[in-house]
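Reader: I would like to learn how to read a model like this one, feature by feature. Could we go through it together?

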Amino acid sequence: MIYLGSHVSLKAPDYFLGSIKETLSYGANACMIYTGAPSNTRRISMDSFKIEEAKQLMVQHAISMDHVIVHAPYLINLANVVKPQTAQFGVEFLKSELERTALLGASYLVLHPGSHLKQGLETGISSIVKGLNEVLDSDASSVCIALETMAGKGSEIGRSFEELAMIIDGVHKQDRIKICLDTCHIHDAGYDVSNFDRVLDEFDRTLGLERLKVVHVNDSKNPKGSHKDRHANIGQGYIGLESLARIVHHPKLLDVTKILETPYIDGVAPYKREIELLRNIK
Ligand code: FE
Ligand code: FE
Ligand code: ZN
C-alpha cells in the first residue's frame, strides 16, 4: 500500500470536512493541510472545523489520521536573529500549531527550519535549537515536528542532511523531531534524485531512515543544485516521472506519507491526474 495525496485547502464552510472531501475527489488516501492561510498567521477557532464529520468520512473511506499531515505557515522563522521578536513570535505560534495538530488528531507538523538572513549558519541553527526546545519542552503532546529539507534559497537552513542533523543534535526531545523530504528541494539543493538509493543511504547515515515520515513529491523547474525552489508538475521538470515514481513506490518508504505540492494548471488542481499517474507506474 502506498499513501499518496496532495496538499488540500481548509476553508469555509466545511473546513476539515471539506479538506477530506477534496482528498477523496483526487482519489487520494493522504493529505496535507495548513490550519489557515500558509502565508499568514490568522487562525479561526477549530470549533467550526467539522472534525467529527470529517473523521466519519475518513472511516468510510479507510483514510487513516496517520496520513493527514499539517504544515506550519511559512512566516515562522525560528532562525531570525535580526529581529528576535520575530523568532519569538514563531515560537509562540508554533506552540499553538502543535496544539491544533494534536486537537485534530494528526501526528506530524511540517516546519521549514528557517533562514539565518546572512547572519551565519551556526547562529541560525542555535536560534532554531533554542526555539524548538522552548516549544517542545513546554508541550506534553506526542505530535512530532517534521523539519523539511530546503532548497537553499537565500540563507535557508536545512539545505543538507547535515544541517538538519546539527539542529536535531541540540534538541532535548529528539524523539519528537522527524524529517519531511521534499524532492524538488533536495534536487535544487544539489542531491542527485535519479540515484535515490544513494540519497537514502546518505539520509540513513546522517539522520536515520526511521526519522523520515513525510515526502513532498514535486518535480523541479530548475536543474540540480540551482537553489531556486520552484515546483514543477510531475514529469514536467528536471527530475522526471521515472525518478519520482521510483521514490513513491520505494520499498523502504512504504509507510511514509507522500504529498504532492505541484502547481495548479490554468487554475485547476492537477492532483487527481498526477496521483493516478504515479500510482499506476511501477
Ligand atoms: Fe514546505
Ligand atoms: Fe515542500
Ligand atoms: Zn518548495
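Reader: What covers the buried residues of helix 5?

Author: Happy to start there. This is a predicted model, in which local features need pLDDT of at least 70 and side-chain atom pairs count only at pLDDT 80 or more, while totals for chains, interfaces and linings use all residues. Residues are numbered from 1 along each chain as its sequence is written, chains are lettered from A and ligands numbered from 1 in the order in which they are written, and side-chain values use heavy atoms, with hydrogens and water left out. Helices (H or I, at least four residues) and strands (E, at least two) are DSSP runs, numbered from the N terminus. Contact means heavy atoms within 4.5 Å. The cover of the buried residues of helix 5 includes helix 4 (121-137), strand 6 (144-148), strand 7 (156-157), strand 8 (177-182), helix 6 (183-189) and helix 7 (196-206).

Reader: Which residues of helix 5 are buried?

Author: Buried means under 20% relative accessible area, exposed over 50%, and partly exposed in between (1.4 Å probe, protein chains only). Within helix 5 (residues 161-170), the buried ones are F161, E163, L164, I167 and I168. Viewed down the axis of helix 5, they fall within an arc of 165°, so they line one face of the helix. That arc is taken from the directions from the helix axis to the C-beta atoms.

Reader: How many strands form the closed barrel, and in what order does it run?

Author: Two strands pair if DSSP finds at least two bridges between them. Here 8 strands make a closed barrel in the order 1-2-3-4-6-8-9-12, with parallel pairing. On average, neighbouring strands of this sheet are turned by 30° against each other, direction ignored. Strand 1 and strand 12 run parallel and are joined by 4 bridges; G5 has I259 in strand 12 as its bridge partner. Helix 8 (residues 241-248) packs on the sheet, where it touches strand 1, strand 9 and strand 12, and its direction makes about 155° with that of strand 9. For such angles, axes are lines fitted to C-alpha atoms, for helices over the stretch in contact, and values run from 0 to 180 degrees between N-to-C directions.

Reader: Now the metals: which residues are the protein donors of the iron ion (ligand 1)?

Author: Donors are N, O and S atoms within 2.8 Å of the metal (3.2 Å for Na, K and Ca); water is not among the atoms, so sites may look incomplete. For the iron ion (ligand 1), they are H71 (NE2), H112 (NE2) and E148 (OE), at 2.1 to 2.3 Å. H71 lies in strand 3 (residues 68-71) and H112 in the loop between strand 4 (108-111) and strand 5 (114-115), so the pair ties together parts that are 41 residues apart in sequence. Both H71 and H112 are buried.

Reader: And what coordinates the iron ion (ligand 2)?

Author: E148 (OE), D182 (OD), H216 (ND1) and E261 (OE) do, at 2.1 to 2.2 Å. E148 bridges the two iron ions, ligand 2 and ligand 1, which lie 3.3 Å apart.

Reader: Where does P13 lie, and what is the peptide bond from A12 to P13, cis or trans?

Author: Most residues other than glycine have a negative phi, and most peptide bonds are trans. The A12 to P13 bond is cis, with omega near 0°, and P13 sits in the loop between strand 1 (3-7) and helix 1 (15-25). A62, although not a glycine, has a positive phi of about 55°; A62 is exposed, with a relative accessible area of 65%.
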